[in-house]
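The sequence and the model come first, and the notes follow by topic.

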Amino acid sequence: MAEFRKQNRFYSESVDVIDYKDVKFLQRYQSSVGKIEGRKRTGASMKHQRMLAKALKRARHMALLPFVVK
């Protein structure tokens, strides 16, 4: 049984800090209704998933991203 793991995009691009002002980058990690995608779907490590969630929440709070998409 072959197991395919997603590659951690953050390691391959050597991302140290996820910027909350980079809206195009953050929108890739939101679902169509505005929820934060999980680790299984994004392929991020636990460290990068926490940074991603924090950046998304900060961008929402600063009104760069919507909380809910209608």
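**Briefing on the predicted model**

The structure holds one salt bridge, a term for a side-chain nitrogen of Lys or Arg within 4 Å of a carboxyl oxygen of Asp or Glu. The model is predicted, so local features need pLDDT of at least 70 and side-chain atom pairs count only at pLDDT 80 or more, while totals for chains, interfaces and linings use all residues. Residues are numbered from 1 along each chain as its sequence is written, and side-chain values use heavy atoms, with hydrogens and water left out.

**Overall build**

- The protein chain has four helices and zero strands; helices (H or I, at least four residues) and strands (E, at least two) are DSSP runs, numbered from the N terminus.
- Taken along the principal axes, the C-alpha atoms of the protein chain fill a box of roughly 45 × 30 × 15 Å.
- Of the 70 residues of the protein chain, 33% count as buried, where buried means under 20% relative accessible area, exposed over 50% and partly exposed in between (1.4 Å probe, protein chains only).
- Among contacts in the protein chain with a separation of 6 or more, 60% are accounted for by residues 24 or more positions apart; contact means heavy atoms within 4.5 Å.

**The salt bridge**

- Glu37 forms a salt bridge with Arg41, and the closest N and O atoms are 3.6 Å apart.
- Glu37 counts as buried because its relative accessibility is 16%.
- Arg41, in contrast, counts as exposed because its relative accessibility is 57%.

**Around Thr42**

- Thr42 lies in helix H3, which covers residues 39-42.
- Thr42 has 13% relative accessibility and therefore counts as buried.
- The side chains of Thr42 and Gln49 make a polar contact at 3.1 Å; such a contact is a pair of N or O atoms within 3.5 Å, where within protein one must be able to donate a hydrogen and the other to accept it, and residues adjacent in sequence count only if both atoms are side-chain atoms.
- Leaving aside neighbours within four places in sequence, Thr42 is in contact with Lys6, Tyr29, Glu37 and Gln49.

**Around Tyr29**

- Tyr29 lies in the loop between helix H2 (23-27) and H3.
- With 3% relative accessibility, Tyr29 therefore counts as buried.
- Not counting residues up to four places away in sequence, Tyr29 touches Arg9, Phe10, Lys35, Ile36, Glu37, Thr42, Leu52 and Leu56.
- Tyr29 and Leu56 are 27 residues apart along the chain, and their C-alpha atoms are separated by 8.6 Å.
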